[in-house]
Amino acid sequence: MKKISLIFTVMLFVFQGLAAQNIRVTGTVTEKGTGTPLPFVGIQVKGTTTGATTMDNGTYVLNAPSNGTLVFSFIGYKEIQVQIAGRTAINVELEQDALALEEVVMVAYGTAKKSSVTGAISSVNSASIEKRPVTNALAALSGTSAGVQVNTSYGQPGSDPAIRIRGFGSINYSSAPLIVLDGAPYNGAMSNINPADIESINILKDAASTALYGSRGSNGVVMITTKKGKKEKLNISATVTQGFSQRGLPEYDRIDAYQYYPIMWESLRNSLITTTRPIDQASALASGTTSNGIVSNLGYNPFTGIANGDIVQYDPATFASKLNPNATSLLWGDDLDWYSPVERLGSRTEAMVSANGGSETADYYMSVGLTKDAGWLKKTNYDRISARANVNFTPRKWVSFGLNLNASYNTSSSANTDSNTGYANPIYFARNVGPIYPVYQHNRLTGEYILDEQGNKLWDLGAAVTQGGVSYLARTHNNGRHGIAEHLLNIIDFQRNTIQARAYTEFNFLKDFKLRLNHSFDINNYLSSTYENKLVGDGAPQGRSRKNSSLRYTWTNQQILTYNKTLEKHDINVMVAHESYLNTYSEFYGFRQGEIIPGNTELINFTTTNDIYSYLDNHAVEGYLARATYSYESGRYTAEASYRRDGSSKFESAMRWGNFWSVGAGWRIDKENFMKSLTWIDFLKLRASYGLNGNDGGISYYAWQVLYNYNNNAAEPGYIQSTVPGNPFLKWETTIQTDLGLEFNMFGNRLRGNLDWFNKQSKDLIFSVPLSPSTGYTTQDRNIGNLYNRGWELDMTGDIINTKNFSFALNLNATTYVNKITRLPEQNRENGIISGNFKRLEGGSIYDYWLRQWYGVDADNGNALYLFDDAKDANGNYIMTWSDLDCKTLADGTIVTSNQAKAKYDWAGSSIPDLFGSITPSFKIFGVDVSVQLNYSIGGKAYDYSYAALMSAGGFGAAKSVDILNRWTTPGQVTNVPRMDNSKINEFNAASTRWLVDASYLAVRNINIAYNFSPRALKTLDIKGLRIYAAAENIALFSARKGMNPSQSFNGDVFNDVGFNRTVTFGVNVNF
Amino acid sequence: MKKIKLYILALAAGVLLVPQSCNKEYLETAPTDQLSASLVFNSLTGAWGAINGVHRTMYIQYNSSQSNGGFAGMYLNLDMMGTDIVFNTTVNGWFRSTYQWTDHRNDRSTLVLWWNNLYRLVSNVNQIITQIDAIAGPEAEKNAVKGQALAYRAWAHFMLVQLYADRYVPGGANSQPGVPYMEEITFEGKARNTVAEVYTKINADLTAALTALEGYTRANKSHINKSVVQAMQAQVALVQGNWDKAATSANAARQGYSFMSAAQHLEGYSKQANPENLWASYVQEDQTMYFYSFYAYMSNNFNSTAIRQSPKSITKVLYDKIAATDVRRGFWYPNAVADKMPFIQSNGVRYNYMSSKFQAVSTSDSRGDFPWIRVAEMYLIEAEALARQTGKEEQAKDVLFLLAKNRDPQYVRSANTGQALIDEILTQRRIELWGEGRNWTDLKRLNLPLVRPTAANAGQGAHVESYAIKVNVPAGGTIWTWKIPKSEIDTNPNLDQNPE
């Protein structure tokens, strides 16, 4: 960015230069400290338009009055004024401006000087992206900016993390920000872009910075700018990294085979107790070998030399269970780790070569990058090859044009984690399979592996078998399925070719005007291939294959006219533009079964067609936009206004067009006279913005239309009404945003930061208003509902120690906000809207838990106890039927019930953290840079579905958490885990506050160690720069429960997914 | 010259980049995989499409659940709650908590979502009923569409009121809360009509349907014609204890239908062409049913985990009541393990008394045309209704004889009288309709307890207590009434949940 304005500056001087008389002054401009000559430094004779520019070697020549003053200025350096005083040789050292206040930043539809920006923008530069060994650039945003939450939980390499900027602006639709890639909205996967090609990622957070994106901007904008050439000598850079990935999230602690049998026996025995069958009979039955015995219910007897009827014994006095003491060894003890066939040391390789350079009339940046990222779980891979060319020409002063083109080919394979409890989900399967079942088939008597003719082990699908004339029972958990074998035998792959093209022509005319025509198009060809094998799973026995092929073509067309005028202290910038956007998506899907030749997953190799369809979608947006900025004295006072009129095809023609706008102001307090005495303040700016924009993310393309779905009755044409009736009055959600920001630099710029207060008030929120199922409809989208996200952001960096050989800097960011619903649909106002574990009520947040209130465990009998739903009817009677069998009043007056259906639902906190952010200490020790990024989140709760499954009071064959060892067993025992009882799973394991857990965490997200060789040392090698580094990502996570990732999802759900990778990489970067 | 070239270049670049929109049509888009409602009800062709869509709703998958495969899934769930289908193992979880009588009392379970599914069908037919009159076209054809829609509306409410309300007490006031009888297109949930009101409206709709369908010749058996409406009237009257109407309607409904041949018995109750089908879907090849098909759980030939590892059996008690010469006896295998019969997948297991009554299209194709109403049921309704009327026992025996003799050539006309005759008819009904979803509603209709015969070990044609959990449920009580889904309770202030 600096370079662009540098070129501007240079041109300004070149063309404004007039030959002066007087004396001839020469000299060299160098950088203070390093002595490096500085080219392109502007030199102006004060009070005149006379000037010159330094050359490549930093030297300059100009004629100036001998009593004049020279002003040396260069972006990124502090301006210097030197009196000529008759000298003909003046050498100057420019000091780097640590802040680069005149840095030009990318803003909506243009650029702006950072000092005069009135909006809230966080920038992440290429240096900090390079520190992160991530395949998806968005993952590198985690922890970098205040106000930004990034979900980097997934172990699937290349997957797009979810991002939320300043809270959740929508309840039912998308709260995801708009991604803008090199000036055009981008709806492809971010993993198509090589992170190393990215120059900067700017996060636009408030209305002043996002209003020009109109109906798409209210969730914030992530603006990605790729690298371009610098107008200097050719620079070639090569980078190679090699890394390794291992499982970053440990498994939950679960009980082993020896603990498991007696526990499950207890569950069975307790379920067998009836009024006619007392505990002694039930215990005998549970130990026995009938179908009501424990072996029948578990199927497998894993103990060496123990007969089925002898596995679990019990104390005849207390009926407490214990494992037969002779059960000391396991038949297949080495084959109980279901993760072992799929866990690996993943490898991550990157190679990248880029070249950039330029002249006065052209610049270029070109790169080729290769990434091969293999995660800890086998068959989770992401490979990318990408090539970029960014070429710009300025053949004449009045015209320039250029093209930025990226092509990438991406391939990936992944695990089936579509469903939290899908059989084919390897994580679900491995986590939940009981600790007595082997992965591979064994001789059920001797424990030996059973091998096929080639000597390979065979997957144990848990079938009942007959071996040596003896019948052995089947596995009772997920029988016939094998999530691990299915993961390895099935295929979930995709290939994606993408092209992102950004072309422009720019005309400069009438001195102050510029017309820029942008044409951007993205092509996304996607082919996914899903194969389900013949041996086990949903594809068995036939084998089946799906192909999903899609083509997305998105173009954005912009005409931008700008007027830029500087009159002494007044800077005026006016922009008007028109933009049109079209997204065309077509998909073809085919699904066949009946595999003919093994190993060929193409549809031709299958016999029967299960499904085949295609469709085409169009989405169009058109906008007219304008912005005016006025700045006095380089940002001492700045005022800005922007406006956009947007039309979208998603809405009915009468509702289609909307107006979006913002106003902003900035005040450089430090430039005021009264601040002069406060020398310790280097920079102080107050900014404020207010504006309105919209959100149409996630709204269906045809949301306003009342639709029927094609559903033929055999061959007769038939249509079924959609259960979601369209709403012709639907319009986008709007957000009114206020931002107040204070930016400051103090103590010689050693302490820098900004503090922002924001208030995002969303209104006309679209609610998928739940309709009574008895109407035949499920929901209808309606614009009713308001909420706000209001909070504070702080971002601070301090150069705490800064000596020659050791420096220590600390960056800290923190965000806290309140999410509050202020208006709900009329019919939901009183009772709120219940959605899953949440209830939305006015005054509450989007993620306020509304759950059965867990009370504890009845010490008398081990029942789960919930607070009784004590709501009363008009006559003062309980609405719930009181029964002494399942309700009681405790000594302290608390009324509890063991019947989950009579449990009280109540508020139970929220999944939104109280405070989150990151702490990034960085050190420099004798040229070695070390930085550590710690992400933290304090407060909020997570709902741990994975743990709840492991805590079931029954479920024969399913794994159990070690916490189940604390179950109730004896009257009088005080515990929080109910008794084991297979007949009471619904009662004891009902969704309740029992499964909530503190979501606070501290994650060591990244450690980076780098060493730059000094240019002097490299001189003999004829290379300009050499850097070696090591980076580690997701090093450690400290949370309330081992195995749990509390930041897996914004709504607090914890479920069975491929946990994140811990990646360590080593890299070398060479510059020629 | 050089300058001109540059101008041309700049112009060309500029032209490439000029706006590509600015016309009014630019923001008009329409889906290609859906159809605008305005196109559906602007012609009779469109209206036929709408009623055909309703026929299709009989066999689409609901709620993305394998246990919600069309209304065959509903009938299967109902039978799972009955006396006569046995789980031999708990290795496969599908339908297990229905079998254990927990899901129908859990307002968040998938099972109670039959409420949604039935009302969804009602909403589709209400669109037709309200809009058909305004469409131009021959009256007879409009009546054919409307009559079917009315019949569907009655049928759906009939199922709803049987599940979600306390039982209809013949001769009683039946003022207990029923279900909302939905007759209009609305976004507002309605209050519950009383059970009596619901039955009044059901009968009114069926009567109107009968009139509208007078003279209608249907294209295939997935459509509803007069005899299907009469069959529905018979079913309704049976629940209401309106014996005379039940008998006459059943008799009218069965006219023109013949019994299956012995060979057709072995076709697996999955072909629309079955002569006994009064009303059945036709599922063509590309309408793959995957694992949500009824036949993915109840056939013995389809390759699904449920069938391989958890084939269902009949109770020995009921099996033993089937005469040795009865063709239906062949559906079940009391010695399946020893005899290695019937056919199963190579890695499947057999349990004694397992069934082969139902057959999917093939091992890899779970489709089947589930019979919504078979003529056999009409004989059984007629016989039962006659037997319950004084002085009509002989007629009852005649009707029963027609069916029983077809099934068992050795069958001798019943000598039973009184309750013994009724019991014989009901036993025939349990045998004949095994797996077809009538058992549980029969228990409720007749206010009988659930009594599941048990055995200590699995695979003996009896329930295992630790698998079934519920083996005895006394007649009456709230447990016989399903919970209304929480989604309805949460959204419909006019309606109260069924008590605990």
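Chain B contains 21 helices and nine strands. The model I am presenting is a predicted one, and every value I quote was computed from it. Taken along the principal axes, the C-alpha atoms of chain B occupy a box of roughly 115 × 55 × 45 Å. The chain has 500 residues, and 63% of them count as buried. As for its contacts, consider those in chain B between residues at least 6 apart in sequence: 69% of these join residues at least 24 apart.

I turn now to the interface with chain A. Here 92 residues of chain B are in contact with 104 residues of chain A. The area buried between the two chains is about 8000 Å², and carbon and sulfur atoms give 53% of that area.

Which polar features cross this interface? Between chain B and chain A, 36 residue pairs are in polar contact, both residues being at pLDDT 80 or more. The rule for salt bridges finds two across the interface. One salt bridge joins the side chains of A:Arg277 and B:Glu465, with an N to O distance of 2.6 Å.

Which elements of chain B supply the side that touches chain A? At least two residues each come from α1 (2–16), β1 (34–36), α2 (37–40), α3 (44–57), α6 (114–131), α13 (305–309), α20 (465–468) and α21 (486–491) of chain B. The largest share is that of α3(B), with nine residues. Sorted by class, this side of chain B has 39 nonpolar, 37 polar and 16 charged residues.

The element β1(B) deserves a separate remark. Strand β34 of chain A, residues 707–710, pairs with β1(B) in the antiparallel sense over three bridges. Within this pairing, A:Tyr708 stands opposite B:Leu35.

Finally, I come to strand pairing inside chain A. Which strands pair with β17(A)? One is strand β20 of chain A, residues 346–358, which pairs with β17(A), residues 235–247, in the antiparallel sense over 11 bridges. In β20(A), A:Val353 is the bridge partner of A:Ala238. Another is strand β57 of chain A, residues 1061–1071, which pairs with β17(A) in the antiparallel sense, over 11 bridges. There, A:Gln242 stands opposite A:Phe1066 of β57(A). For viewing these strands, recall that in a regular strand the side chains alternate between the two faces of the sheet.

Conventions:
Residues numbered from 1 in each chain as written. Chains lettered and ligands numbered in written order. Predicted model: local features only at pLDDT ≥ 70, side-chain atom pairs only at ≥ 80, totals over all residues. Heavy atoms only, no water. Contact = heavy atoms within 4.5 Å. Buried area = accessible area lost by both parts, 1.4 Å probe. Salt bridge = Lys/Arg side-chain N within 4 Å of Asp/Glu carboxyl O. Polar contact = N/O pair within 3.5 Å; in protein donor to acceptor, adjacent residues only side chain to side chain. Helix = DSSP H or I, 4+ residues; strand = E, 2+ residues; numbered from the N terminus. Nonpolar A, V, L, I, M, F, W, Y, C, P; charged D, E, K, R; others polar. Pairing = 2+ DSSP bridges. Buried < 20%, exposed > 50% of the residue type's maximum accessible area, 1.4 Å probe, protein only.
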